[in-house]
Amino acid sequence: MTRRHGYALLSAIIALIVGLATALYVGVAADDGTATADGTPAKGSRPHNSAAPASTGMWVGAWAASPAGAEPGTETEGLAGRSVRNVVHVSVGGTSARITLSNLYGQSPLTITHASIAVAAGDGTAAATARTMRRLTFNGSTAVVVPPGRQVLSDAVRVAVPHDSDVLVTTYSPTPSGPVTYHPHARQISYVADGDATEDVTGTAYTEQVAYWRYLTALDVLSNESDGTLVAFGDSLTDGITSTEGANHRWPDVLSGRLRTAHASGRNVPRYSVVNEGISGNQILASGLGRPADNQSGLLRFSRDALARTNVKVVVIDLGVNDILRNPRLADPDEILDGLRTLVRQAHARGIKVVGATLMPFQGHRGYNPAREGVRQQVNAEIRAGRIYDAVVDFDKALRDPYDPRRLRSDYDSGDHLHPSDKGYARMAEVFDLKDLSGSAPAEL
């Protein structure tokens, strides 16, 4: 081969490489980051706005709340003609975001004509950091209709969301939609304004405060800070019903901080975001009234609220106390345990690890009696024996009074002898062995 022919061949090879690289770049740039529930790009997705996300990081859950029922007083009009500004606290940061809206308890279509997301300007405010305000779209449109009993995932939008920050998600519905799907006991103040104030950054229009989350059930971020999502699945003890409002002192909040701090210090612990899927009053076996039932049982909602969250790696289950306390007859411990085993089997079928909590004491609570205490002890004995979960976190041992193990230690007790104080919630998070959160589900339990 002559030198001239060699140069020609080299030039052809370089041109081929450049062409391939250009094609790859164009393919990536054309992806707007719209993704399915497991974080993979949706087929046929295309850029819908100039704020489409960069294709870096992993989609994880940054915040979530279970739809718990239909909000009383909204049966006819819903929140027609009003802007709902939900304030949520994210466990991890990211470069892009997307939301899930639910009309699970609606009896008619929910029409959203305008929605936005922004980072809050501070704590306890409806004001937004102006440069972060983004208009949300749904399959490329600013409007979306959510059928009764259904939910919808927004398109992804590029916005810098810092970890451990408050985020404002605002929706506007111009027409009556019937019962509003909501999550009570949010332990967080959100806001309402008359008219369409969806992109109001000042927050001055938001004169009404509410302690609920409405319509919004999930916020995902495209993150380099996390390798997956941990779902905390439980009742009021997970929901954090007695924690200080607006302080993010629920045990999943504290656990999230522990994970972030441990990883920053170089410890070999999983990089997980944490989302809270607790509902106050929730039971493993029994649901509330209505169709669909308010406060659906753990068995009915587990697939939607836990397994279907984005990139779930591990679920922590803390359920069973309400099955004991709210059963008009004496609860059967075998039925409770069978229910828990069913949840674990469902998680294992998806390759998801399950960590389970022992049931904390409640002597002094109005529902206490020795027979119910006996059921609690039987359930805990089986959990501790390793015959239910992949790993165990012993909330009972950590929070009980060492001099009377049937009741909570006084400084961990909120005062009702069932729910913890802020100090008690912190103790629940501290008792986790973070290494137990690593790994995947065993092939066979």
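# Salt bridges, stop by stop

Select Arg384, which at 36% relative accessibility counts as partly exposed (20% to 50% relative accessible area with a 1.4 Å probe on protein chains only; buried is under 20%, exposed over 50%). The model is predicted, so local features need pLDDT of at least 70 and side-chain atom pairs 80 or more, while totals for chains, interfaces and linings use all residues. Residues are numbered from 1 along each chain as its sequence is written, and side-chain values use heavy atoms, without hydrogens or water.

Arg384 belongs to helix 7, and Asp394, 10 residues away, sits in the loop between strand 21 (391-393) and helix 8 (395-399) (DSSP runs numbered from the N terminus: helices H or I, at least four residues; strands E, at least two). Asp394 counts as buried, at 18%.

Go next to Glu382 and Arg341, whose side chains form a salt bridge at 3.1 Å, N to O. This pair links helix 7 (residues 370-384), which holds Glu382, with helix 6 (residues 333-349), which holds Arg341. Glu382 is buried at 17%, whereas Arg341 is partly exposed at 25%.

Finish with Arg82 and Glu208, paired in a salt bridge at 2.6 Å, N to O. Strand 3 (residues 82-89) carries Arg82 and strand 14 (residues 208-210) carries Glu208, 126 residues apart. Arg82 is partly exposed at 22%, as is Glu208 at 28%. The structure holds 24 salt bridges.

Methods. A salt bridge is a side-chain nitrogen of Lys or Arg within 4 Å of a carboxyl oxygen of Asp or Glu.
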